[in-house]
Amino acid sequence: MGTGGLIDCDVHNAVSGDEELRPYLSQRWRRHMELVGSRTFSPFTKGYAYPKAARLASRRDAWPPTGGLPGSDLDFMRGQLLDAYPVERAVLNCLFRAPEQRYDAYGAALAAAVNDWQVEQWLERDERLRASVTVPFEFPDLAAAEIDRSSAHPGFVQVLLYPRTAAPLGRRQYWPIYEAACRAGLPVGIHAASTTPGPITATGWPSYYIEDHTGLAVAFQAQVVSLIFNGVFDRFPGLRVVLLEGGFAWVPALAHRLDALHARLGEEVPDLRYPPSHYLRTHIRITTQPMEEPERAADLVPLLREVGADLLMFSTDYPHWDFDDPYRAFRTRVPPDLRRRIMHDNACATYRLAS
Amino acid sequence: MGTTIRATGAVDCDVHNAVPRLSALFPYLPASWVDYCRETGVEGFDPAFYPPGAPLSARPGSRVGEGPPGSDPCVVRDHVLDGPGARYAVLNCLYAVSAVHNPDWAASMARALNDWQAAQWLAADPRFRASIVVSTRDPHAAAEEVARWAGRGFVQVLLPASTPAPLGQRVHWPIYAAAEAADLPVAVHPGVGSANPLSPVGWPSHYVEDYACAALTLQSQLTSMVAEGVFAAHPGLRVVLLESGVTWLPSLMWRFDKNWKALRREVPWVDRPPSQVIREHVLLSTTPLDAPPGLDHAWVDRFLTRLGSVEMLLHAGDYPHWHHGNAPTALLEQLSPAERELVLSGNAMRLYRLPEEAGWAQAD
Amino acid sequence: MTGSHRQVVVAAADEIPPGGRKIVDVDGRSIGVFNLGDDYVALRNTCPHEGAPLCEGVPSGALTSPRPGVYHYERRGEILRCPWHQWEFDMRTGRSWVDPEGLRVRSYRVTSDGEHVVLHL
């Protein structure tokens with residue numbers, strides 16, 4: 001890398017099983033866990049409607065020899081990631097299925113348990129770690145309460161949402177989340193995740209994971225469209241949104257499209273104070289993994305600049321199968337100043353990391 | 001800023017002819033459906049996707065007479081053929097008959113719409129060409145409708161971008177088989193033929209969001225058609241993405257190619273990088289073109305390199321829709337004369353097998 | 001090591017049964033030796049894509065399709081999928097599936113006298 005420290009903006013710590021959360025649940029929810037447990041949008045207790053590229057969507061070499069799931073063993077993670085690369089800080093995004101619970105109160109209880117578990121098992125065991133607050137985001141009042149509660153711990157640097165929501169995230173129903181995030185001074189991260197109430201297209205369910213994964217980019221774009229045109233950034237001027245694992249090559253075309261549409265149809269959304277691209281540049285940050293791979297590798301640097309040198313933040317997505325190696329992911333020479341911003345500085349500013 | 005580009009001799013690949021009122025279709029509709037419409041109080045299928053009062057839906061000067069913009073063949077002829085001196089105009093009627101749930105009703109309305117297009121539009125001027133409107137609710141009925149019209153002034157099959165199921169899925173393949181057999185491309189245009197939300201994450205609040213997300217829906221449909229193997233099963237099929245915004249395509253191809261390297265085993269019939277499949281089978285109309293305001297030569301050069309070929313682009317006015325900016329014209333200005341000729345007419349003449357002299361005679 | 005040919009005994013034959021593998025270190029190079037049943041093959045244990053330990057990947061089969069919905073699955077255990085990004089490599093040639101001409105992993109000849117497995121560098 002040759003440019004010093006790295007902030008890895010997307011690392012997945014895993015809860016190895018329900019039982020790991022038991023100590024963090026009240027008797028009532030322990031009993032619920034035994035009785036019916038997880039009720040999400042998945043038709044299976046264990047399987048997947050779209051099996052991922054690899055078991056648990058993970059690198060095959062990321063299964064800890066001590067047992068447990070990839071991302072569940074801090075020591076093993078240190079060896080494969082935190083110590084293997086010059087990681088100054090890593091932001092943990094735990095994807096345990098708390099936010100996907102259909103029963104609101106159980107989802108809220110699991111989210112609180114996940115956050116308490118993150119503090120005890122991760123944040124207080126390695127000073128390089130930061131984490132995202134898991135929230136039951138489809139129930140924004142409960143989510144806001146969890147943000148208020150958990151954000152007291154300085155290790156939490158973000159609120160975590162998924163892009164596949166019941167309604168577009170700009171809608172009024174989600175505003176209590178943004179209000180709480182602003183109150184806590186935290187950005188809201190939106191991270192690719194799997195089970196969902198709706199398909200990844202506006203035209204129904206595709207057949208294959210390759211479509212689902214390719215389609216994640218359009219789900220993220222739809223959320224950007226919604227956040228901007230519903231005036232979320234005008235209403236919450238301090239709000240910052242981080243898009244995690246949704247790609248970034250689509251940014252220039254979308255920005256041009258939204259600006260042109262705003263010029264023609266802006267009367268419909270008179271409260272917008274700026275052209276849409278302004279909000280993209282000032283309120284939205286985007287992580288790099290899975291790194292875009294233009295057909296000609298040399299096209300990457302112009303693309304990075306088109307998207308914006310201040311928008312992009314490096315991420316590995318460890319321990320998932322489409323992991324980006326910090327030394328290899330760019331496949332082309334990136335000028336040192338640009339590289340440093342992407343690998344380090346932009347994340348420090350976004351997450352207010354001292355460095 | 002004098003525009004140096006004249007569209008004289010161009011083929012305008014996206015012109016929207018409108019149904020003046022529902023009763024205009026009654027002469028072409030079986031009596032049972034006429035009475036059904038009357039008795040149930042159906043007033044028409046004017047697409048909510050283009051709100052009549054929204055500036056994007058109708059450019060200044062297109063609101064002439066009583067009917068909706070684009071409903072008078074004489075006015076449209078003046079505005080898209082005689083005015084700019086176009087050689088041909090391809091009519092894509094967006095009357096949203098495929099959004100009804102009843103498959104028989106939808107198919108009957110589509111049939112009536114095509115009869116009406118033939119009688120009122122194709123007969124009005126030999127430079128008009130039209131797209132066969134079909135409903136995806138009953139793909140076999142849609143295939144019959146394609147076969148019925150092939151070679152009679154209809155040069156393409158038109159599908160709405162928003163469908164009940166992804167367009168690549170096998171249920172739709174009878175439509176592609178019929179199109180391939182008739183040597184007609186299939187066009188996908190923003191519009192509603194289902195009850196699905198208009199964004200991949202649920203119903204948006206505003207029209208501007210609906211329209212912004214149309215580009216996303218087209219990306220999903222293209223992804224589906226490639227992944228499901230539509231082009232492997234129908235190697236002669238061409239797909240035209242209309243009014244898509246265009247410039248998102250390189251980013252989709254990169255992501256799709258990258259995923260294909262890892263996940264191609266799921267779809268082993270995709271035996272080449274998806275970008276290659278797309279370049280062999282897909283064309284796009286240039287209006288609107290999601291581009292920066294001051295689009296210069298360097299931008300165009302980079303865009304075309306990433307896209308892969310100027311032969312994928314089709315000139316379109318998108319009458320009567322009114323887009324912001326002049327990106328399509330600016331694009332043409334930056335092309336070499338030979339490239340410009342391809343975009344303005346050459347690509348379309350070949351794709352639609354249009355004769356040099358306007359008329360209905362089919363090229364062999 | 002000026003000569004192009006050097007032989008190193010890397011395992012006893014019974015250490016690598018058919019379908020098995022052994023990852024060995026030779027002069028600081030990590031190399032995976034596989035027994036395909038009728039033959040041994042060896043590949044550099046570094047994916048030419050992003051540097052993953054390729055030889056820790058899953059040996060799978062060759063999947064092709066003459067048309068959508070029809071699956072031809074052959075050569076089970078001879079296509080190695082990278083443990084990270086799941087790119088496929090033909091274990092007999094080292095060639096990647098998606099770019100056989102442009103992207104390949106270094107492969108080595110392996111022989112056995114029935115008692116030892118010998119890597120030819």
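How many residues does the contact take from chain A and from chain B? In this predicted model, the contact takes 55 residues from chain A and 61 residues from chain B. On the chain A side, helix H7 (209-229) and helix H9 (251-265) each supply at least two of the residues that touch chain B. H7(A) gives the most to this side, contributing 15 residues. By residue class, the side of chain A that touches chain B comprises 28 nonpolar, 16 polar and 11 charged residues.

Turning to the fold of chain B, an open sheet of eight strands can be followed in the order E1-E2-E3-E4-E5-E6-E7-E8, with parallel pairing. Strand E1 (11-15) and strand E8 (313-314) of chain B form the edges, each pairing on one side only. In general, strands of a sheet pair through backbone hydrogen bonds, either parallel or antiparallel. Within the sheet of chain B, strand E5 (residues 186-192) and strand E6 (residues 239-241) are joined in the parallel sense over three bridges; here B:Val188 has B:Leu241 of E6(B) as its bridge partner. Helix H3 (residues 103-122) of chain B lies across strands E2 (88-91) and E3 (128-133) of chain B, and runs at about 175° to E3(B).

The largest nonpolar core holds 260 residues, of which A:Val159, A:Ile177, B:Leu113, B:Val146, B:Val157 and C:Val33 touch the most other members. Leaving aside residues up to four places away in sequence, the residues that C:Val33 touches include C:Val10, C:Ala11, C:Ile16, C:Val24, C:Tyr40, C:Ala42, C:Val110, C:Val117 and C:Leu119. C:Arg21 and C:Lys22 are also among the residues touched by C:Val33.

Technical notes:
Residues are numbered from 1 along each chain as its sequence is written. Chains are lettered from A and ligands numbered from 1 in the order in which they are written. This is a predicted model: local features need pLDDT of at least 70, side-chain atom pairs count only at pLDDT 80 or more; totals for chains, interfaces and linings use all residues. Two strands pair if DSSP finds at least two bridges between them. Helices (H or I, at least four residues) and strands (E, at least two) are DSSP runs, numbered from the N terminus. Two residues are in contact if their C-beta atoms, placed from the backbone, lie within 7 Å. Axes are lines fitted to C-alpha atoms, for helices over the stretch in contact, and angles run from 0 to 180 degrees between N-to-C directions. Ala, Val, Leu, Ile, Met, Phe, Trp, Tyr, Cys and Pro count as nonpolar, Asp, Glu, Lys and Arg as charged, and the others, Gly among them, as polar. A nonpolar core is a set of buried Ala, Val, Leu, Ile, Met, Phe, Trp, Tyr and Cys residues joined through C-beta atoms within 7 Å. A residue is buried if 20 or more other C-beta atoms lie within 10 Å of its own, exposed if 12 or fewer, and partly exposed in between; C-beta atoms are placed from the backbone.
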